[in-house]
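Please find below a briefing on one protein model, arranged by topic.

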Amino acid sequence: MKRKLFLSFLIALLIASVSCAEVVPLERNGYKLHLESFGTDGDPLLLVHGLTYSSHEFDVNVKDYSLARFFAGSGFKVWVLDIAGYGSSQEVDDGFMPDSNYAAEDIAAAARVILERSGRKSLNVLGWSWGTVTSGRFAAKYPELVRRLVLYAPIVAGLADVKVTAPFNHNTWEHAAGDFQVNADKSINYDITEPEVVNAFQSNCWRYDKESSPNGGRRDLLVAPSERLIPTAQLTMPVMIIAGSKDDYVSPELCREAFGTLTNKDSRLEIIDGAAHAMMMEKPYYKIFREKILDFLKAN
């Protein structure tokens with residue numbers, strides 16, 4: 001009985017430590033940025049959000065789906081950052097200002113704060129979607145700050161040659177569910193993504209990102225498919241490229257092309273069959289997805 005009580009106490013402590021988030025003051029270029037940590041100690045891991053919606057996407061706190069809490073419980077000090085104009089960071093007047101290169105400097109500012117607080121010389125970085133462009137450019141410019149880099153659902157090349165004229169995107173409830181897999185009738189496939197997860201994600205989008213978000217990143221992505229967006233040939237650290245075979249934004253062929261330009265022999269390419277853009281929240285794939293990343297990040 002005493003042993004069971006002791007184990008229960010340890011589990012409660014672990015849950016409490018993972019759930020305990022700390023917001024750290026950060027300002028760059030006159031804008032206050034939202035930088036938040038999960039966990040109490042461990043190697044630092046910075047998660048970089050995608051286009052339109054902010055870092056809450058890594059903390060869909062339904063069952064065990066939260067990616068941030070998973071890594072915090074796996075020995076990492078996890079950090080999430082909202083780029084200027086996104087989520088809980090300060091609003092911007094010009095939605096075109098926080099483009100990919102600007103965001104890369106926000107990431108650099110956050111990385112320096114994280115490393116100063118952790119006493120480490122380098123940190124791990126995971127970017128999702130547009131976050132692969134921003135974190136990839138950051139890592140190419142400041143390789144000394146990056147231990148390992150994960151490019152999750154990388155936007156390797158331009159998505160379409162479309163002129164973006166509006167500085168801000170109009171966000172909608174329906175748009176927030178656009179990355180989930182759908183049935184033939186375009187309804188969300190709840191066999192792939194549980195209804196509670198979809199609802200939590202959409203609610204967080206409305207709560208944190210509201211009705212608009214900057215379009216600088218969107219203007220960067222909507223260029224000719226011949227234009228390459230991530231400087232993979234300049235990345236010297238170990239890099240993992242991980243994507244789903246059903247991702248509408250990334251093809252396995254483009255991932256293989258990008259992987260072929262990497263120079264570090266410890267880099268990895270993972271294509272998860274059947275998964276799509278939001279596989280970190282997809283019931284058949286989320287555990288496979290994060291275990292592959294965990295194995296990469298834990299490697300010496």
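Leucine 45 stands opposite asparagine 124 in strand S5. S5 (residues 123-128) pairs with strand S3 in the parallel sense over four bridges, where pairing requires at least two DSSP bridges between the strands. The model is predicted, so local features need pLDDT of at least 70 and side-chain atom pairs count only at pLDDT 80 or more, while totals for chains, interfaces and linings use all residues. Residues are numbered from 1 along each chain as its sequence is written, and side-chain values use heavy atoms, with hydrogens and water left out.

**Strand S3 and its other partner**
- Strand S3 (residues 43-48) is largely enclosed by the rest of the structure, because five of its six residues are buried; buried means under 20% relative accessible area, exposed over 50%, and partly exposed in between (1.4 Å probe, protein chains only).
- S3 also runs parallel to strand S4 (residues 76-82), to which six bridges join it.
- The chain passes from S3 through helix H2 (residues 67-72) to S4 in a right-handed β-α-β crossover, that is, clockwise from the first strand over the helix to the second with the strands pointing away from the viewer.
- Helices (H or I, at least four residues) and strands (E, at least two) are DSSP runs, numbered from the N terminus.

**Nonpolar cores**
- The largest nonpolar core has 52 residues, of which Leu35, Leu81, Phe138, Leu149 and Leu235 touch the most other members; such a core is a set of buried Ala, Val, Leu, Ile, Met, Phe, Trp, Tyr and Cys residues joined through side-chain atoms within 4.5 Å.
- Helix H3 (residues 100-118) supplies the largest share of this core, eleven residues.
- Another core, of 46 residues, lies apart from it and includes Phe38, Val60, Ala200 and Ile293.

**Helix H7**
- In helix H7 (residues 252-260), the buried residues are Pro252, Cys255 and Ala258.
- These residues lie on the same side of H7, because they cover an arc of only 120 degrees around the axis, taken from the directions from the helix axis to the C-beta atoms.
- Glu253 and Gly260 are exposed on the other side of H7.

**Threonine 52**
- Threonine 52 is found in the loop between S3 and H2, and counts as buried at 1% relative accessibility.
- Its side chain makes a polar contact with the side chain of arginine 218 (2.7 Å); a polar contact is a pair of N or O atoms within 3.5 Å, and within protein one must be able to donate a hydrogen and the other to accept it, with residues adjacent in sequence counting only if both atoms are side-chain atoms.
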